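Have the sequence and the 3D view open as you read.

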Amino acid sequence: MTLASRLAVVAIASLFATGTAFAQTAAPAAKADMKTDAAATADKKAPKEHSAESLECSKQADAKGLHGKERKKFRSECIKTAKAGGAAAPAADKK
């Protein structure tokens with residue numbers, strides 16, 4: 001068998017093997033199931049309620065004009081100190 005005929009056999013075999021990948025999927029779910037799925041996704045997409053500490057630290061970060069990594073670091077430290085009992089913002093102010 002020549003190289004060209006071997007390649008042709010491999011190509012044809014791969015076409016038959018990939019035919020199952022394009023097979024028809026299962027029938028779509030009933031309308032009643034779709035309603036429960038929609039309700040479940042609506043619950044997942046509901047916005048999370050933020051703690052008072054988180055909101056206060058966000059306001060402080062906004063007042064300082066922090067963005068990106070600086071904001072994230074500031075908020076993390078601020079929330080830690082607020083939960084620890086200190087109501088003031090962290091002393092490490094780098095800008």
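## The disulfide

Start with the link between Cys 57 and Cys 78: the angle about its S-S bond is -80 degrees, which makes it left-handed. The two sulfurs sit 2.0 Å apart, and a disulfide here is a pair of cysteine sulfur atoms within 2.5 Å. By that rule the count is one disulfide. Cys 57 belongs to helix H3 and Cys 78 to helix H4, so the pair ties together parts that are 21 residues apart in sequence. Helices, by the way, are DSSP runs of H or I with at least four residues, numbered from the N terminus.

Both Cys 57 and Cys 78 are buried, where buried means under 20% relative accessible area, exposed means over 50%, and partly exposed is in between (1.4 Å probe, protein chains only).

A word on ground rules: this is a predicted model, with local features needing pLDDT of at least 70 and side-chain atom pairs counting only at pLDDT 80 or more, while totals for chains, interfaces and linings use all residues. Residues are numbered from 1 along each chain as its sequence is written, and side-chain values use heavy atoms, leaving out hydrogens and water.

## Two faces of H3

H3 covers residues 52–64, 13 residues in all, and reaches 19 Å from first C-alpha to last, close to the 18 Å expected at 1.5 Å a residue (that is, 1.5 Å times one less than the number of residues). Which residues of H3 are buried? They are Ser 54, Cys 57, Ser 58, Gln 60 and Ala 61. Down the axis of H3 these fall within an arc of 165 degrees, so they line one face of the helix; the arc is taken from the directions from the helix axis to the C-beta atoms.

That buried set packs against helix H4 (68–84), with contact meaning heavy atoms within 4.5 Å. On the other side of H3, Ala 52, Lys 59, Asp 62 and Ala 63 are exposed. After H3 comes Gly 65, with a positive phi near 70 degrees.

## Core and salt bridge

The largest nonpolar core has six residues: Cys 57, Ala 61, Leu 66, Phe 74, Cys 78 and Ile 79. Such a core is a set of buried Ala, Val, Leu, Ile, Met, Phe, Trp, Tyr and Cys residues joined through side-chain atoms within 4.5 Å. H3 and H4 are the elements giving two or more residues to this core, and H4 has the largest share, three residues.

Asp 62, on the exposed side of H3, forms a salt bridge with Arg 71, the closest N and O atoms being 2.7 Å apart. A salt bridge needs a side-chain nitrogen of Lys or Arg within 4 Å of a carboxyl oxygen of Asp or Glu, and a search of the whole structure finds one.
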